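Morning, everyone. Let me put the structure up, and then we'll walk through it.

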Amino acid sequence: IPSVLYTTSSLFETAEAVEMGRILLAMARPEHEGLLRAALATIALGWDGASLETRFSDAREREEWLLRFRACHETWRERGFIHAFLDLLRRESVLQRLLGLPDGERRATNMLHLSEVLHQAETWQELGPEGLVKWLSEQVDPRTRGTEEQPLRLESDRNAVRLVTIHKSKGLEYPIVFCPFIWHPSVVRDRKGPVAFHERTDGFRLTLDLGSPRPEREQHIALAEEEALSENLRLLYVAFTRARNRCYTVWGRFNQAGTSAPAYLFHTRRPESGRTPPQSSALQYERLGESDMRADLASLQDASKGSIELAPLPAAARSRLAKPVAQPPRLSAKVFEGRIDRSWGIASFSSLTSSHPHGGEIGEDEPAFETTGGSGRETGGPAPGEAPAGLAGFPAGTRSGTCLHAVFETLDFTDPDPIALSEAVQKALLDHGFDRDWEETVCRMVRTVISTPLDPGGTDLRLDRISRGNRLNELSFFFPLRPVSPHDLRELLLPYGGNGLPETLPERVGRLRFSPVRGTLRGFVDLVFRYEDRYYIVDWKSNDLGPSLEDYRGERIEAAMADGLYHLQYLLYTLALDRYLSHRLPGYDYTLHFGGVFYIFLRGVHPDYGPGYGVFHTLPPEPLIRRLRQGLLPRKG
């Protein structure tokens with residue numbers, strides 16, 4: 001029977017709100033394969049575990065899906081959330097899939113309602129992708145949800161039975177009303193827990209009994225049950241009087257129905273001595289046989305002068321209710337006797353170095369090193385203790401790094417328009433939950449970074465010379481990986497320790513604790529750009545190395561690179577770019593076309609001192625990259 005539920009539940013309490021959060025995350029961070037898998041596994045997108053395993057094992061199909069969500073992300077940034085989401089609904093046939101489910105109309109209604117609410121929040125609060133994801137997560141979490149609720153909209157109620165609580169129906173009228181379950185008992189179920197009642201000797205004051213002595217507590221329970229019976233009678237009246245033409249109800253001998261409103265209304269003749277109304281009702285109900293109950297109801301029918309009709313339940317309904325429940329079959333789990341090859345998987349720099357204590361960005365309360373004054377300062381260098389020009393005081397941590405990455409990803413380096421820079425910074429700060437007071441600080445840092453010469457060799461290589469057509473942001477890569485262990489990596493790097501790489505790097509890599517892995521290596525290069533027919537890698541680092549500019553000079557940058565194992569990271573990035581260019585650039589030659597790697601520590605770049613502060617530059621030797629290619633890639637890769 002088609003039905004529609006009238007409820008005061010919030011839209012954010014639905015399963016669709018949780019699913020929408022997973023889809024939003026995948027759209028906001030399309031480079032993250034784990035988030036994409038979670039989105040595809042929702043009921044809305046309809047993938048099961050077998051589909052994920054089969055289709056993501058195919059590198060070409062996996063890349064295609066990552067590109068699809070990358071396109072969603074670009075549409076979101078350029079045209080807004082609602083355009084991106086409706087494109088996704090249409091392309092993946094989401095509504096058709098949902099409407100094919102038993103409760104599909106409810107699910108589809110919730111999904112469309114959520115899209116409208118998110119569009120409204122994005123527009124009114126000027127939220128970007130990260131900000132909208134955060135806003136939805138706060139609404140879904142009851143601990144952070146705002147006071148403004150979003151009641152569920154009704155799916156179509158045309159030709160459908162409307163299901164509504166008695167409380168919700170008050171003041172309304174319906175042609176025909178069914179009250180099939182109206183025998184709720186008027187009892188305190190937890191007789192040892194708190195009991196709410198009205199104190200009769202003190203102006204009918206609402207009281208909560210948290211544990212009175214036994215005789216007094218029993219009196220309070222009796223008062224609470226009497227009030228419950230009164231309330232149930234009131235609700236029964238409300239339910240019966242909603243009908244304009246006819247009201248159906250069901251009554252009989254039901255378990256624990258002796259204290260219910262119908263039992264008291266239909267069968268209680270007089271109070272029992274020393275008993276409360278619920279107790280009197282229960283006693284008299286238990287004494288009644290079936291013929292007694294029929295007689296009571298028949299007298300009510302006769303007194304109604306035709307307004308009430310007494311009829312037995314239809315035979316079909318009685319037979320279904322009386323049908324014995326079939327004994328369910330005994331089930332047992334099938335024992336898996338196969339072997340799972342756990343060495344195959346998708347590796348990344350983060351997974352390989354997860355056991356290393358200082359991998360990744362430095363946290364807000366974790367300074368990388370102890371800081372000292374400006375000892376060993378070169379002539380013409382900064383004064384001792386001089387503060388960095390860029391991000392002095394800006395919070396540290398992963399969120400800060402993501403925010404600054406977003407600025408550089410969206411900015412046109414060659415556009416000197418200060419308004420465009422200001423708008424890009426404002427949006428990034430808002431999306432990532434930072435106060436707009438940081439705008440000038442971040443703008444100053446960006447202007448410094450893109451105008452500072454990067455090449456210590458003296459060429460005029462600056463980022464403000466790099467147009468959009470000569471750069472790739474967040475270049476994702478996947479390449480096949482031969483079986484590799486920490487020992488294998490150590491052996492590959494060992495000849496270059498102290499000869500192009502830090503002397504201690506091979507041993508530190510050999511002490512990593514990851515299980516031997518094969519399959520695919522993946523990652524994301526922050527920036528690849530072309531300058532004078534040579535290609536360069538840039539990795540933005542927001543690490544807080546200390547309050548003084550001296551904390552960002554050569555030896556301190558080297559220490560930070562070693563501490564984060566960033567030398568291993570840029571070797572993997574270089575190998576990925578080398579493979580990318582060898583497939584796409586005719587006549588590619590590493591020594592001619594690869595210009596090197598820049599790690600730019602954004603807090604330490606200073607306009608007056610060039611690449612000597614905050615900038616790490618290196619050009620990995622071609623034999624080392626060739627050695628990594630032979631050691632890490634399959635022979636046919």
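Start on the surface. Three residues, I176, F178 and Y248, make up a nonpolar patch there. Together they have about 330 Å² of accessible area. Take Y248. It sits in strand β6, residues 243-249. Is Y248 buried, partly exposed or exposed? Partly exposed, because its relative accessibility is 38%, and that class runs between 20% and 50%.

Keep in mind that this is a predicted model. So how confident is the predictor? Mean pLDDT for the protein is 86. Of its residues, 89% reach 70 or more. Now by element.

On to the cysteines. How many disulfides does the structure hold? The count is 0. Look at C179. Its closest cysteine sulfur belongs to C247, and the two sulfurs are 4.1 Å apart.

Is C179 buried or exposed? Buried, because its relative accessibility is 7%, and the cut-off is under 20%. C443 counts as buried too, with relative accessibility at 4%.

To recap: a nonpolar surface patch of I176, F178 and Y248, a mean pLDDT of 86, and 0 disulfides. Over to you for comments.

How values were computed:
Residues numbered from 1 in each chain as written. Predicted model: local features only at pLDDT ≥ 70, side-chain atom pairs only at ≥ 80, totals over all residues. Heavy atoms only, no water. Patch = residues over 30% accessible without salt bridge, like charges linked within 9 Å, V, L, I, M, F, W, Y side chains within 5 Å. Areas by Shrake-Rupley, 256 points an atom, 1.4 Å probe, with all protein chains shown as cover. Salt bridge = Lys/Arg side-chain N within 4 Å of Asp/Glu carboxyl O. Helix = DSSP H or I, 4+ residues; strand = E, 2+ residues; numbered from the N terminus. Buried < 20%, exposed > 50% of the residue type's maximum accessible area, 1.4 Å probe, protein only. pLDDT = per-residue confidence, 0-100. Disulfide = S-S within 2.5 Å.
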